[in-house]
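Hi,

Here is the structure I promised to pass on.

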Amino acid sequence: MKLVKLIANLGYGSRKEVAWMFREGRVTDAAGEVLYADDKVEHEHVHIDGEPLDPPVGMVLMMNKPLGATCSRKDQGRVVYDLLPPRYRVRDPSLSTVGRLDRDTSGLLLFTDDGALLHRIISPRAEVTKIYEATLAQDLRGDEAELFASGTLMLESETTPLAPARLEVLAPRLARLTVTEGRYHQVRRMFAATGNHVDALRRIAVGALQLDELPAGEWRMLSEAEIAKVFAGTPVV
Ligand code: URA
C-alpha cells in the first residue's frame, strides 16, 4: 500500500493532509531521514513528528473503562473513544469495542480493528469467559450459584435459557460471576431474576487476561501473548 494511503488510513489526516506532512518533512524513518510519498518503507520504520507510526491493522488494546463513559463513538456524554488518541476514532478499518459494557459498568474493555478476531471473542460458541465482580443491594439468598450453573435460567423477554455461569460468593453482598455470553445487561438481569439488584459492576477479566493494575481511564496495547490469554480462560463447567 502506498505510504500516503497507509498513513491516512491510520487516522493521521486526509490523503491531502498526509501529502502535506510529507512536503513539510514530518514523515521520516527511524533515523530521522525525511521520507517521500513514493518511498517503499516497512511500517515499523516510519515515524511522524519523530514518533513511530501507530500499529498496523490487527491492533488490540485494553482499557480500564471508567464509570460514566459509553461504549459508542458518538453520544451526548463521555464516550470511551474520548480516552484514546483522536485519530483512533477514524482509523480504517475502524477500531471497535469488543462487545460493550454499560455506562455504569467499569473495568476491562477490549478494542480491535480486526473483525475476525472480534467475532472470535464475542461469539457465544467460542465460550470466551468474562469475569465480573458485582456488589449487590441485598444479601445473596444462597441458591444463586446452582441456578446460574443450571443452564436453565431464562431472562425476561428472552426465548433461550442462559448458558451455565459460575458464581463465587466473596461476601454476603459481593460475588464474582463468570459468563460466556454477552446478552444485553446480562449480569444485572441475572441478579434481578433472583430478586436482587446490582449496585456496582466491574469486569475484571476476559478469558485469562486480567485487568491488573491499569488505572481507571487508562489503556495500553496488548502483546500477542496477551491476546492469546483471551482464549485461555478456565471453562465454566
Ligand atoms: N452485564 C451487565 O449487566 N452489564 C454490563 O456492562 C456487562 C455485563
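Glu127 sits in the loop between helix 3 and strand 7. Its phi is positive, about 55 degrees, although Glu127 is not a glycine. With a relative accessibility of 55%, Glu127 counts as exposed, because the cut-off for that class is over 50%. Do keep in mind that this is a predicted model.

Asp49 is another residue other than glycine with a positive phi, here near 50 degrees. You'll find Asp49 in the loop between strand 2 and strand 3 (51-52). Its relative accessible area is 48%, so Asp49 goes down as partly exposed. Gly25, which follows helix 2, has a positive phi near 75 degrees. And there is a cis peptide bond, running from Asp92 to Pro93, with omega near 0 degrees. Pro93 belongs to the loop between strand 4 (60-65) and strand 5 (96-97).

Now the overall layout. The protein has 237 residues, and 44% of them are buried. Its secondary structure amounts to 6 helices and 12 strands. The C-alpha trace spans about 70 × 35 × 35 Å along the principal axes. If you take the contacts between residues at least 6 apart in sequence, 61% of them join residues at least 24 apart.

The assignment gives domain 1 (3-52), domain 2 (62-124 + 214-229) and domain 3 (129-206). For a sense of distance, take Lys5 and Ser123: they are 118 residues apart along the chain, and their C-alpha atoms are separated by 32 Å. Lys5 is found in helix 1 and is partly exposed, with a relative accessible area of 31%.

The largest pocket has a volume of about 550 Å³. It is lined by 26 residues, and Gly99, Arg100, Leu101, Gly182 and Arg183 are the closest to its centre. Which elements each supply at least two residues of that lining? They are strand 6, helix 3 (115-122), strand 7 (130-136), helix 5 (186-192) and strand 10 (198-206). In terms of domains, at least three lining residues come from each of domain 2 and domain 3. The class breakdown is 12 nonpolar, 6 polar and 8 charged residues.

The second largest pocket holds about 150 Å³ of space. Its lining includes Met1, Lys2, Leu3 and Leu6, along with residues such as Asp38, Lys40, Glu42 and His43. By class, that makes 5 nonpolar, 1 polar and 5 charged residues.

Ser106 lies in strand 6 (residues 105-112), and its relative accessibility is 13%, so Ser106 counts as buried. Beyond its neighbours within four places in sequence, Ser106 is in contact with Lys65, Pro66, Leu67, Leu101, Leu201, Arg202 and Arg203. Leu101 is also among the residues closest to the centre of the largest pocket.

Then there is Glu226, in helix 6 (residues 224-229). Buried or exposed? At 18% relative accessibility, Glu226 counts as buried, since the cut-off is under 20%. Not counting residues up to four places away in sequence, Glu226 touches Leu209, Arg220 and Met221. Gln210 is 16 residues from Glu226 in sequence, and the two are 9.4 Å apart in space, C-alpha to C-alpha.

Over to you now.

Cheers

Methods. Residues are numbered from 1 along each chain as its sequence is written. This is a predicted model: local features need pLDDT of at least 70, side-chain atom pairs count only at pLDDT 80 or more; totals for chains, interfaces and linings use all residues. Side-chain values use heavy atoms; hydrogens and water are left out. Helices (H or I, at least four residues) and strands (E, at least two) are DSSP runs, numbered from the N terminus. Buried means under 20% relative accessible area, exposed over 50%, partly exposed in between (1.4 Å probe, protein chains only). Contact means heavy atoms within 4.5 Å. On a 1 Å grid over the protein atoms alone, a cavity is a set of points where a 1.4 Å probe fits but cannot get out, and a pocket is an open set with protein on both sides within 12 Å along at least five of seven lines; lining residues have an atom within 4 Å of a point. Grid points are joined across faces, edges and corners, and a volume is the space filled by probe spheres set on the points. Ala, Val, Leu, Ile, Met, Phe, Trp, Tyr, Cys and Pro count as nonpolar, Asp, Glu, Lys and Arg as charged, and the others, Gly among them, as polar. Domain bounds come from an automatic or database domain assignment.
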